[in-house]
Amino acid sequence: MLIGIDDTDSPAGMCTTYLGAVLIHQLKEAGISVTAQRLIRLNPNVIYKTRGNAAICIEAEGDADEAFRIAAACIEELAEFDEEKTNPGLVVSEKKLPVSFYRQAVTEFCTIEEAESICMAAGARVRKWKNGRGIIGATAAIAAEQADMTWELLTYRDPADKGERSVETDSLFRAEEETFPHTWDTVDIQNNCIVCFPHTPDPVIFGIRGESPEWVKKARGYVCSQKPVMEVIYHTNQGTDAHLLKGAIASLVDGCSYRLTGVVADTPVTGRGGHVSFLLRDPSGVVRCMAYEPTKGFRDIIRSLAPGDEILICGSYKNESINLEKIRIITCPEIVRQRPPLCPTCGKRMKSDGVDKGWKCRRCKTRAEEPEIIREPRMVSPGWYEVPSSARRHLARPLCRGIPPE
Ligand code: ATP
């Protein structure tokens, strides 16, 4: 059977991944064997999300009625019901649900009714609390299936402990040093900061992301921290670009994320607050692309773009602009400009003598046929560039995983 849960947390505490870890323990205690657990991130632009729009799917073998009862009791005990935006959902299905629903939930938007009708068609057990929005994520987590997956090892403290986390910074840098690129986003080397734990009052102490259970366990072995009450390794769609759609500028939909190819249409400008923006053109239209302040040094790459550069961009379309996650510079030709030459006789800058008539020195009347050619060296070269670890979205595929498939 597949058990899906979502929407159990609030900004004040709890985390659906922690509830999943507790539920795994409770199922095992009841003699239900757990064969896999998945942490599935959904559309990062959904407004109802608390933090990272995560949902959990637990694969188990045993009595489905019993599992449903245990999971419902676990949600009733741990979910943050007082928070207005917390609307838990639970689905237990003995059949796989259509992967198309997952694709919709990770790239677009879904309704509670759509989730319900999919569950009903599969004869799944469903429980909604409050407005029950959580069944969208619960259904999508069960339906999730894709070839490219990664892993995350999560460690938890007692949920009542809402203070500062105690993790030795040096040990995290050591974990990154010893296991990168097989693990990633533990620390942000470029900006010298920690990425792998939240600054929110939830039960996560830290999480290690990587390409296999072996690598995340190896990295975890280097980390010195307060003693966790629980640890779990989830199979996950994090770091896979599952949220990106192929698109054309004229048909962008607000709240969806895209991979788009086009040409830089103007010179990038830095706005107040430090964001850098430019226009991207494709045969169907023009769209503004933004690199915000938290993307730090990535903005220098964006500032170095010039009109005419051919690029591929990845990012979310919101409020009429694309929030950049990474780009590929396909071509960035040398910038060649012309200006009137200096007079070879008196050294003064010459003036145009009319269209196709060359240049003339106003002072000594010397004539010249050729302009001065200025070649501006480029500060960038073709290749992929991404935001730093500290600004990366959960679903964005880091470049350390290799060149993104086209
Ligand atoms: P955490 O990461 O700490 O678990 P969260 O950020 O996952 O929190 P939730 O509390 O789960 O946030 O809230 C997200 C809500 O949005 C859930 O009710 C989920 O069912 C719903 N949801 C997820 N994806 C979509 C989607 N594509 N369309 C509509 N609703 C969605």
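Two residues are in contact here when heavy atoms of theirs lie within 4.5 Å. On that basis, residues 24 or more positions apart account for 69% of the contacts in the protein with a separation of 6 or more. The model is predicted, so local features need pLDDT of at least 70 and side-chain atom pairs count only at pLDDT 80 or more, while totals for chains, interfaces and linings use all residues. Residues are numbered from 1 along each chain as its sequence is written, and side-chain values use heavy atoms, with hydrogens and water left out.

**Overall architecture**

The protein has eight helices and 24 strands; helices (H or I, at least four residues) and strands (E, at least two) are DSSP runs, numbered from the N terminus. Taken along the principal axes, the C-alpha atoms fill a box of roughly 100 × 50 × 35 Å. Of the 406 residues in the protein, 51% are buried. Buried denotes under 20% relative accessible area, exposed over 50%, and partly exposed in between, computed with a 1.4 Å probe on protein chains only.

**Ligand surroundings**

The ligand is surrounded by 23 residues, of which the closest are Asp-7, Asp-9, Arg-51, Asn-53 and Ala-54.

| Residue and part | Ligand atom | Distance |
|---|---|---|
| Asp-6, side-chain N or O | oxygen | 2.7 Å |
| Asn-53, backbone N or O | oxygen | 2.6 Å |
| Ala-105, polar backbone atom | nitrogen | 2.9 Å |

Ala-105 also belongs to helix α3 (residues 99-107), where Phe-101, Tyr-102, Ala-105, Val-106 and Thr-107 are buried. The buried residues of α3 pack against β2 (33-41), α4 (112-121), α5 (134-143) and β12 (244-246). Helix α5 is itself largely enclosed by the rest of the structure, because ten of its ten residues are buried. Among them are Gly-134, Ile-135, Ile-136 and Gly-137.

**The pair α6 and α7**

Helix α6 (residues 169-179) packs with α7 at an angle of about 145°, their axes being 7 Å apart. Axes are lines fitted to C-alpha atoms, for helices over the stretch in contact, and angles run from 0 to 180 degrees between N-to-C directions. From α6 the contact involves Ser-171, Arg-174, Ala-175, Glu-178 and Thr-179, and from α7 Trp-215, Lys-218, Ala-219 and Tyr-222. These residues divide into four nonpolar, two polar and three charged. In this classification Ala, Val, Leu, Ile, Met, Phe, Trp, Tyr, Cys and Pro count as nonpolar, Asp, Glu, Lys and Arg as charged, and the others, Gly among them, as polar.

Ser-212 is placed in the loop between β10 (204-210) and α7 (213-222). With a relative accessible area of 13%, Ser-212 is buried.

**From α6 through β7**

Most residues other than glycine have a negative phi, and most peptide bonds are trans. The peptide bond from Phe-180 to Pro-181, however, is cis, with omega near 5°. Pro-181 lies in the loop between α6 and β7.

Trp-184 is part of strand β7 (residues 183-184) and counts as buried, at 4% relative accessibility. Apart from neighbours within four places in sequence, its contacts are Thr-150, Glu-176, Arg-209, Gly-210, Glu-211, Pro-398, Cys-400 and Arg-401. The C-alpha atoms of Trp-184 and Cys-400 are separated by 7.8 Å, although the two residues are 216 residues apart along the chain.

Asp-185 has a phi near 60°, a positive value in a residue other than glycine. Its position is in the loop between β7 and β8 (187-188), and at 8% relative accessibility Asp-185 counts as buried. Lys-365 likewise has a positive phi, of about 70°, and is not a glycine. Lys-365 lies in the loop between β21 (359-360) and β22 (367-368), where it counts as exposed at 52% relative accessibility.

**His-275**

His-275 is located in the loop between β14 (269-270) and β15 (276-282) and is partly exposed, at 22% relative accessibility. The side chain of His-275 reaches the backbone oxygen of Arg-272 at 3.4 Å.

Terms used:
A residue is near a molecule or strand if one of its heavy atoms lies within 4 Å of it. A polar contact is a pair of N or O atoms within 3.5 Å; within protein, one must be able to donate a hydrogen and the other to accept it, and residues adjacent in sequence count only if both atoms are side-chain atoms.
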